[in-house]
Amino acid sequence: MMMMGAGRTTAPDYGARGEVLERLRTAFLGIATRRALIEYLLAVLAVLFILTMVAYTIDLARIFPSIRWQATYQETTLPSVLLPYLWQRGIDIVTRMLPVAVFFGPFLAEISRRMRLESVILATAGAGPGHRLAALLWLALILGGLLTGLEARWRPEAIQAQVKTGLGDYGERYRDRWLDGRWIVSGDIAMRADMKRGTEPEMRNLLVFSGIGATELTSVLGAERAVPTDTPDVWRLEGVSEWTPATGADLLTARSAETELLLTTAQLAHFGIAPYILSTAELRELARAPTATHYLPGIRTALWQRRLAVFLPGAVAFLAVAFAALGFDGRRMLYPRLIALAAGGYILTVSIKVFWALGQQGTVAPSTAVITAIAVPLSLGAVAYVRQL
């Protein structure tokens, strides 16, 4: 007789795997996670709204007469000038204030959750800290994507539009104009010229000193005017004169000549403009320029900021929630400690710009400056979080 049990196969046991998947689903998509995420987001939006309104109030008190004058000069209605300005300025303000809002929003939301004993109730029900970490991860993805879009695209576009209108500080500082008597030094060459930045860059009263590191100059090249050519770092000089030790008092002159200078056309077009105002494509073009000017560290730092902007909100939000939890002893809220933690977190958040400044000035490598700005709040948040376990 054939044994019936010989042909049987044992079905694999998916119980353990299914339990793990269910726990992950609950942690990332459960009610507690969604509730925490919504609270964190609403708190960030509330703080960001308050900061934006305060910034608007300060800004409009100073700029409103210029807006009204421009509306009168263009013979148009006041809202047609005011509303675009508010939109452009608002994008800049939100980009600047978002890290601060990302700290204080989750910080206050976590305090509120603790005061409602929500964390205690969830812990009593057997829920671990996973739902809070999952909510922070979702928050990091949402706000990281927002900050990346603001830094890389929307803010530069908004500021450049504001520069074209001529309104506000940006319109005054970064408009197309002549810059008199500017110096550029690279290696043993120094260049001085009156420079016109903008869509039609050119230089006048140009002087190029070669051999400045030696005991005697090797040449001095002068030109009445320098205009771009099809080659980025080659310029056509007009009204040329040149001195060398061999010529002595007799200068070599020419009506025109072409030569390489210390600036490319793109570098002159954006000369003196803060890197965060420029588009990513413009920054990459400037970073590839053959001559490294003193603006290069700032350009590279701006590019690194845009590459890693997606990670910054998550690091700051994690720091905020970890700090807020340290302000409680069981169910008792420790007010002095919370105030100190809020002040410390604010200082750390603002200090992110200090790390960026070190990269912009060339004190440290741009990549190191930007990575450190993210690693510091993330590391301190991890230490504070571990202390609660």
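Predicted model: local features only at pLDDT ≥ 70, side-chain atom pairs only at ≥ 80, totals over all residues.
Helices (H or I, at least four residues) and strands (E, at least two) are DSSP runs, numbered from the N terminus. By that naming, strand S3 covers residues 202–210, and Asn205 lies in it.

Residues are numbered from 1 along each chain as its sequence is written, and side-chain values use heavy atoms, with hydrogens and water left out.

## Helices that pack together

Axes here are lines fitted to C-alpha atoms, for helices over the stretch in contact, and angles run from 0 to 180 degrees between N-to-C directions. A crossing is left-handed if the near helix is turned anticlockwise from the far one by less than a right angle, and right-handed if clockwise.

| Helix pair | Axis separation | Crossing angle | Handedness |
|---|---|---|---|
| H10 and H11 | 9 Å apart | about 160° | right-handed |
| H9 and H12 | within 8 Å | roughly 40° | right-handed |
| H2 and H3 | within 4 Å | roughly 150° | right-handed |

Take H10 (residues 312–326) and H11 (residues 335–360), which pack at about 160°. That angle makes H10 roughly antiparallel to H11. Contact means heavy atoms within 4.5 Å. On the H10 side the contact residues include Leu312, Val316 and Phe323, and on the H11 side Leu341, Gly345 and Trp356 are among them. For the classes, Ala, Val, Leu, Ile, Met, Phe, Trp, Tyr, Cys and Pro count as nonpolar, Asp, Glu, Lys and Arg as charged, and the others, Gly among them, as polar. The contact of H10 with H11 divides into eleven nonpolar, three polar and one charged residues.

H9 (residues 296–308) crosses H12 at roughly 40°, and these two helices are therefore oblique to each other. H9 brings Pro297, Arg300, Thr301, Trp304, Gln305 and Leu308 to the contact, and H12 brings Pro366, Ser367, Val370, Ile371 and Ile374. By class there are seven nonpolar, three polar and one charged residues.

As for H2 and H3, their axes cross at roughly 150°, which makes H2 roughly antiparallel to H3. Their contact has 31 nonpolar, four polar and six charged residues.

## The nonpolar cores

Next, the interior. Buried means under 20% relative accessible area, exposed over 50%, and partly exposed in between (1.4 Å probe, protein chains only). A nonpolar core is a set of buried Ala, Val, Leu, Ile, Met, Phe, Trp, Tyr and Cys residues joined through side-chain atoms within 4.5 Å.

The largest such core has 49 residues, and Tyr40 and Phe107 touch the most other members. Helices H2 (31–73), H3 (78–115), H5 (130–165), H10, H11 and H12 (366–388) each give two or more residues to this core. H10 gives the most, with twelve residues. Leaving aside neighbours within four places in sequence, Phe107 is in contact with Ala320, Phe323, Ala324, Leu338, Leu341 and Ala342. A second, separate core of 19 residues includes Leu221, Ala226, Leu261 and Phe271.

## Some individual residues

Pro377 lies in helix H12 and, at 6% relative accessibility, counts as buried. Not counting residues up to four places away in sequence, Pro377 touches Ala315, Leu319 and Thr372. The C-alpha atoms of Pro377 and Gly345 are separated by 8.5 Å, although these residues are 32 apart along the chain.

Ser219 belongs to strand S4 (residues 219–228) and is buried, with a relative accessible area of 12%. With residues up to four places away in sequence not counted, Ser219 touches Val208, Phe209, Ser210, Glu242, Trp243 and Thr244.

Two residues stand out by their backbone. Most residues other than glycine have a negative phi. Asn205, though not a glycine, has a positive phi of about 50°, and at 46% relative accessibility Asn205 counts as partly exposed. Glu75 has a positive phi near 55°, sits in the loop between H2 and H3, and is exposed at 75% relative accessibility.

Terms used. Parallel < 35°, antiparallel > 145°, perpendicular 65-115°, else oblique.
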